[in-house]
Amino acid sequence: MYLKSIELSGFKSFAKSSELVFNSSVSAIVGPNGSGKSNVAEAFRFVLGEQSIKSLRGKKGEDLIFNGGGNESRANRASVKVTFDNSNQVFGIDFPEVTIERVVHRDGVNDYLINGSSVRLKDVIELLLRAHIGASGHHIISQGEADKILNSSSKERKSMIEDALGLRIYQYKRVESDRKLKKTFENIAQVESLRKEIAPHLRFLRKQVEKVEKAVGMKDELLNLSRDYFKREDLYVGFTKTALESERTPIESSLKDLSRELAVAKATLEKLAKEDKKDYLILDLEAEITGARAHKDGLTREFGRVEGSLAAEERVIRKQRELHTSDEHKMIRLKEVEEFAESLKEIKPEDNESPVSVIKNIVSKLLLFIKGHKESADSSLIVEAEEHIKELQKEKAKLETEIQKAEKREADLRIQYEELKQKIEEGKDSGRDAEKAVFRIMSEENDLISKLNIIKVREESLKKDADELMREVEEVGFLVGREALQFKSIDVGDEVSVVAEDRKIQEERKREIEKLKIRLEDSGLSGSEEVLKEYKDVTERDEFLTRELLDLEKSAESLHSLIKDLEERLAVEFSSGIDKINSEFNGLFNTMFGGGDAHLVLTKEKKKKKDVLIEDADADIGDDLDGDAEVVEEGLDISVNLPRKKIRGLLMLSGGERALTSIALLFAISQVNPPPFIILDETDAALDEANSKRYGDMVEKLSAHSQLILITHNRETMSRAGVIYGVTMGSSGISKLLSISFDEAAEVAK
Ligand code: ATP
């Protein structure tokens with residue numbers, strides 16, 4: 001026995017707290033008309049979560065609260081508390097007893113409590129479902145509802161029977177799974193759209209990363225090529241320097257010897273000149289030639305300096321032009337950007353100016369700012385360099401004429417020298433030997449100086465190469481890092497052949513390096529760290545979403561199969577349940593009518609989806625909004641065949657026959673899947689004596705599995721009850737409860 005007691009307080013006519021204890025498998029409630037018996041049946045419906053006030057014979061929640069009567073003032077709340085035994089855990093919770101309480105207040109607010117704790121209606125329904133007490137209340141047959149199951153539509157009947165068979169829990173789970181599946185599909189769509197959203201960004205980043213990777217490849221290539229080139233160049237410069245030095249040293253020492261010799265010869269001539277009072281022209285000429293040569297050397301050096309400066313300026317211009325062509329990497333000083341932003345703040349829209357026009361104004365200012373920077377892009381440096389070049393070129397031209405003059409002067413002197421030499425050769429003089437010596441020395445000196453000059457030019461050019469090398473190393477180092485500086489240890493093979501190699505090959509290498517440098521600069525390796533980091537982040541997010549999608553698809557799949565399982569189970573249990581009910585139903589019908597047959601028949605009706613929706617507001621149309629689509633609606637019809645009568649169909653039955661058929665079906669259902677308790681409110685009202693006896697027998701049979709609470713005026717029915725409660729109502733309109741004996745009850749029932 002599960003049902004232990006029910007307690008009503010303030011509920012309808014039960015103004016005072018009244019308790020009915022059900023310690024017998026059959027309890028009867030008896031009493032005069034209008035004393036409040038049906039209110040007890042309604043109290044059951046109410047506490048089990050009935051939401052239709054109409055089916056509790058009221059219009060609003062307030063109608064369920066004791067409304068006052070006699071001296072008694074009205075109550076503020078109605079509460080009903082039902083207590084079940086849970087010692088074998090039918091409710092699936094760890095309490096020996098389960099008490100469900102529902103309270104309704106005058107403002108229509110309802111409270112639900114399970115074992116004294118506030119809960120939601122949903123929790124109550126779930127708890128009851130576990131104990132096989134469905135919300136449809138098929139086990140509470142109210143007054144006048146004896147043939148309810150016959151009157152209802154085939155669809156309603158099917159639903160009542162499903163409920164009675166305990167299939168609600170599966171249906172409930174099915175609806176829940178459907179809801180979850182729908183939610184899962186929503187989530188799938190959401191994740192898919194998120195992935196779609198980041199896809200273009202990811203593609204863009206992937207391209208950037210490819211560029212970065214390419215640039216890294218180029219960097220490595222540049223490093224390798226450069227180090228090879230640097231090492232070769234370094235060897236060449238070092239070797240050539242030594243070679244030139246070893247050529248220069250003997251020449252210099254010869255020149256020193258000659259200048260000593262010349263000094264001796266000149267001294268001799270000067271002495272003779274004093275003694276002979278005679279001019280030795282060669283002395284003056286020698287001094288003039290030396291002076292002219294020094295002058296010319298000075299000019300040539302100056303010329304070299306000017307040329308060097310010109311080359312440097314041209315390099316500046318070249319570099320600027322290169323940068324100029326790649327706007328992409330143009331730098332703008334932060335200060336200028338800040339100033340520009342400040343200037344934007346000053347824009348004040350004119351009256352009636354549209355926002356679009358304000359934006360256009362800002363955009364045009366921005367474009368102007370960009371254009372200005374594209375053009376001005378350090379062109380000031382170019383202008384400066386160009387001006388300097390102009391000056392240098394003027395200087396160079398001037399020097400060229402001066403050098404020409406100096407050369408002319410030297411050539412003139414040389415002619416004088418030749419003429420003088422001729423004269424001296426012809427004449428006989430005591431100073432002739434000395435003079436001859438001066439001529440010889442000067443001639444030899446001239447040869448040596450020419451050679452030395454050639455060496456100096458070569459040294460000058462070598463120095464340029466060495467400087468260039470240093471500059472290159474620095475530049476490549478800036479582009480690819482410190483490793484570029486460590487070229488000395490690079491192996492380039494046999495040093496002699498490296499030095500002997502045609503310089504054109506090395507120049508070709510240099511051109512390659514230059515090209516690579518420009519490509520690398522254009523690739524814009526700057527900011528690559530952020531690109532790589534962002535790519536990593538976005539890729540991770542994408543992978544996360546992909547995994548999430550997979551999980552969602554998996555859970556959709558498992559929900560699908562769960563729904564399929566539930567549907568199969570429902571179908572199997574429903575069909576086996578119907579078979580069992582039919583066999584009981586037919587048997588009971590036979591007993592009651594002394595023959596004939598009766599059974600439930602499954603019906604299938606094709607309906608338009610929209611019609612189903614109108615009938616059943618809770619029906620889920622799903623994503624298919626085609627209301628004209630056909631759906632199959634299942635129901636249960638009752639087929640009866642009375643003995644000795646050619647009656648088929650429910651419509652032709654008498655009132656008593658309807659009651660009997662209905663009772664037979666209700667009892668059949670209850671027998672197949674016994675509910676914990678059954679309340680029958682005057683279901684026996686229409687029965688004659690013979691049938692009352694049969695009814696009593698069936699009640700006893702049913703009471704083996706379900707507790708029965710019978711509201712009755714019928715003596716026969718009362719005689720089957722273990723406990724009888726009498727309900728009376730005094731002049732105050734308040735129902736009173738008392739436990740009475742069968743004899744008293746029979747008296748009351750009269
Ligand atoms: P019958 O044997 O004729 O079926 P019954 O014993 O089943 O009668 P009920 O229908 O349960 O009687 O009781 C109806 C009584 O309850 C009426 O007298 C009605 O006035 C009273 N009643 C219903 N609602 C309230 C309420 N909110 N406050 C006070 N009394 C109420």
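Leu588 is found in helix 13, which spans residues 528-593, and at 8% relative accessibility this leucine counts as buried. The model you are looking at is predicted.

- Along the chain, Leu588 and Arg694 are 106 residues apart.

**Helix 1**

- How many of the 11 residues of helix 1 are buried? The count is 11 of the 11, so helix 1 is largely enclosed by the rest of the structure.
- The buried residues of helix 1 include Lys37, Glu42 and Arg45, as well as Val40, Phe44 and Val47.
- Gly49 follows helix 1 and has a positive phi, near 105 degrees.

**Aromatic pairs**

- Searching the whole structure gives 12 aromatic pairs.
- One of them joins Phe22 and Phe44: the ring centres are 5.9 Å apart and the planes meet at 45 degrees, so this pair is tilted.
- Phe22 belongs to the loop between strand 2 (18-21) and strand 3 (26-30), while Phe44 belongs to helix 1 (residues 37-47), so the pair ties together parts that are 22 residues apart in sequence.
- Both Phe22 and Phe44 are buried.
- Phe44 has another ring partner in Phe677, with centres 5.5 Å apart and planes at 40 degrees, so this pair is tilted as well.
- Here the link is between distant parts of the chain, since Phe44 sits in helix 1 and Phe677 in strand 11 (residues 677-681), 633 residues apart.
- Like Phe44, Phe677 is buried.
- Which residues do ring pairs link into a cluster? The members are Phe22, Phe44, Phe84, Phe91 and Phe677.

**Charges over rings**

- Lys158 places its charged end over the ring of Phe574, at 5.0 Å from the ring centre.
- A second case involves Arg414, whose charged end sits over the ring of Tyr417, 5.8 Å from its centre.

**The ligand and its surroundings**

- The ligand is surrounded by 19 residues, and the closest are Asn33, Gly34, Lys37, Ser38 and Gln143.
- Of the residues in this shell, 4 are nonpolar, 10 polar and 5 charged.
- Asp63 brings a backbone N or O atom to 3.0 Å from a nitrogen atom of the ligand.
- Ile65 likewise has a backbone N or O atom 2.9 Å from a ligand nitrogen atom.
- Glu682 contributes through its side chain, with a polar atom 3.4 Å from an oxygen atom of the ligand.
- On its own the ligand has 650 Å² of accessible area, and the protein covers 75% of that.

**Backbone angles to check**

- As background, most residues other than glycine have a negative phi.
- Arg57 is placed in the loop between helix 1 and strand 4 (77-85).
- Glu682, which has the side-chain contact to the ligand described above, is another non-glycine residue with a positive phi, near 55 degrees.
- The location of Glu682 is the loop between strand 11 and helix 16 (689-702).
- Is Glu682 buried or exposed? With a relative accessibility of 15%, Glu682 counts as buried, because the cut-off for buried is under 20% relative accessible area.

- Gln707 lies in strand 12, which covers residues 707-711.
- With a relative accessible area of 4%, Gln707 is buried.
- The Gln707 side chain reaches the backbone nitrogen of Tyr2 at 3.0 Å.
- A polar atom of the Gln707 side chain also lies 2.8 Å from the backbone nitrogen of Leu3.

Conventions: Residues are numbered from 1 along each chain as its sequence is written. This is a predicted model: local features need pLDDT of at least 70, side-chain atom pairs count only at pLDDT 80 or more; totals for chains, interfaces and linings use all residues. Side-chain values use heavy atoms; hydrogens and water are left out. Rings of Phe, Tyr and Trp (its six-membered ring) pair if their centres lie within 6.5 Å; planes under 30 degrees apart count as stacked, over 60 as edge-to-face and the rest as tilted. Helices (H or I, at least four residues) and strands (E, at least two) are DSSP runs, numbered from the N terminus. Buried means under 20% relative accessible area, exposed over 50%, partly exposed in between (1.4 Å probe, protein chains only). A charge sits over a ring if NZ of Lys or CZ of Arg is within 6 Å of the ring centre and within 35 degrees of the ring normal. A residue is near a molecule or strand if one of its heavy atoms lies within 4 Å of it. A polar contact is a pair of N or O atoms within 3.5 Å; within protein, one must be able to donate a hydrogen and the other to accept it, and residues adjacent in sequence count only if both atoms are side-chain atoms. Accessible areas come from the Shrake-Rupley method with a 1.4 Å probe; for residues, only the protein chains shown count as cover. Ala, Val, Leu, Ile, Met, Phe, Trp, Tyr, Cys and Pro count as nonpolar, Asp, Glu, Lys and Arg as charged, and the others, Gly among them, as polar.
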